[in-house]
Amino acid sequence: MAPETPATSADTGTSGHDASAGAKRDDKGADEPGLVAAVQNGDSEAFSKLVARYMDPAYAVALSILRHEQDAEDAVQASFIRALDRIGQLRPGSRFGPWFYRVLRSTCLNLRRRELLRSHSEVPEAAQSGHDPHREFERRQARARVLKALERLPERQRTAVMMYDLEGYDHAEIAKILEIAVGTSRANLYHGRQALRKILSERGETG
Amino acid sequence: MSGKHRWPQWCEPLRPDELTRRRLHKRVMAAAEGMLQIPDRTWQDVTARWSSALMPIAAGLAVAFGMLAYRISASPDPAAVAQIEQIEPSTVEREEIRPLLGPDVEAPPSLLIDASELNREAVLMAALVSR
């Protein structure tokens, strides 16, 4: 187990965003229970807001699990639909995020397990987007590097980094979900980010 | 935790580009279109929904009871018919015999002693009459 690290040092692991780390955690999605209640009543606009809010992290999480863009898209779509189908299970006042990420992870793992991913692997991915091919190539290279770097992290560090940086959990929430101490979560994040930075810099990527 | 947070630099490459984001959002909303229906809110809606759900069962029960009632009324029980036939002649016979009996043949109602409820008056009256 990694030694526990003070909060200040843990949150300085990655440049560019740590100063805002506390501020971003202040947004706890206070309007989420209202949005969930509206979706439960069939409000498509509320559902659209939830989709827009969770689209980016959901895609990133799906991509980190499936490592294939088209599969990640399919998984995100399936997860949102699955979540909508079961939204009645959410108690009033419950938050959408943690529950949705469970649905997403389950969907991704099912997709990977069943190996339903081969059908569109032959489609040339560059042809799927209308971007500049050079920029698209660079983006894909960067994405592949990050995914490989994540893959090299120890499990607990990878989990901490993904939950904190991608999914937006705070340390108290991570500690509760993973049943670890808050300090352990901070330490895992700190060491995870350090390792990530080191791996990316080894490959000429400063991250 | 919220979906809205600033992304660290390292995971920017994992973010979907704008085109992917729009396409995916559109796909999700299109797939969800049929599922986003306004649910029943009023008690009339709930009643109507339950009524329509229970209608076939109620109709089936009504038909079954109707057939049962029809069968009972259309074909009476043979045993009951036989019993009625057995009882009918004796009734007729009694009706025919009764006028033939003389008025003195029948015991006067006042002399009847109710054996189940013997009392002093009745016993004395019986002794008086029999003497």
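## Contacts of A:C108

Beyond its neighbours within four places in sequence, A:C108 is in contact with A:A62, A:I65, A:L66 and A:A75. Contact here means C-beta atoms, placed from the backbone, within 7 Å. The structure is a predicted model: local features need pLDDT of at least 70, side-chain atom pairs count only at pLDDT 80 or more, and totals for chains, interfaces and linings use all residues. Residues are numbered from 1 along each chain as its sequence is written, while chains are lettered from A and ligands numbered from 1 in the order in which they are written.

A:C108 sits in helix α6 (residues 96-114) of chain A. Helices are DSSP runs of H or I of at least four residues, strands are E runs of at least two, and both are numbered from the N terminus. A:C108 counts as buried because 24 C-beta neighbours lie inside 10 Å. The cut-offs are 20 or more other C-beta atoms within 10 Å for buried, 12 or fewer for exposed, and partly exposed in between. A:S79 is 29 residues from A:C108 in sequence, yet their C-alpha atoms are 8.5 Å apart.

## Packing of α4(A) and α5(A)

Helix α4 (residues 44-66) and helix α5 (residues 69-85) of chain A have axes that come within 8 Å and cross at roughly 135°. Axes are lines fitted to C-alpha atoms, for helices over the stretch in contact, with angles from 0 to 180 degrees between N-to-C directions. That angle makes α4(A) oblique to α5(A). Angles under 35 degrees are roughly parallel, over 145 roughly antiparallel, 65 to 115 roughly perpendicular, and the rest oblique.

On the α4(A) side, the contact residues include A:F47, A:V51, A:A62 and A:L66. On the α5(A) side, they include A:E69, A:D71, A:A75 and A:S79. The contact divides into twelve nonpolar, one polar and two charged residues. Ala, Val, Leu, Ile, Met, Phe, Trp, Tyr, Cys and Pro count as nonpolar, Asp, Glu, Lys and Arg as charged, and the others, Gly among them, as polar.

## Chain A overall

Chain A has ten helices and zero strands. Buried residues make up 38% of its 207 residues. Of the chain A contacts between residues at least 6 apart in sequence, 69% join residues at least 24 apart.

## Confidence

The model scores ipTM 0.70 and pTM 0.58. Within chain B, confidence is lowest in helix α3 (residues 78-100), at a mean of 61, and highest in helix α1 (residues 18-32), at 91. Where pLDDT is low, the predicted coordinates should not be read in detail.

Terms used: Contact = placed C-beta atoms within 7 Å. pLDDT = per-residue confidence, 0-100.
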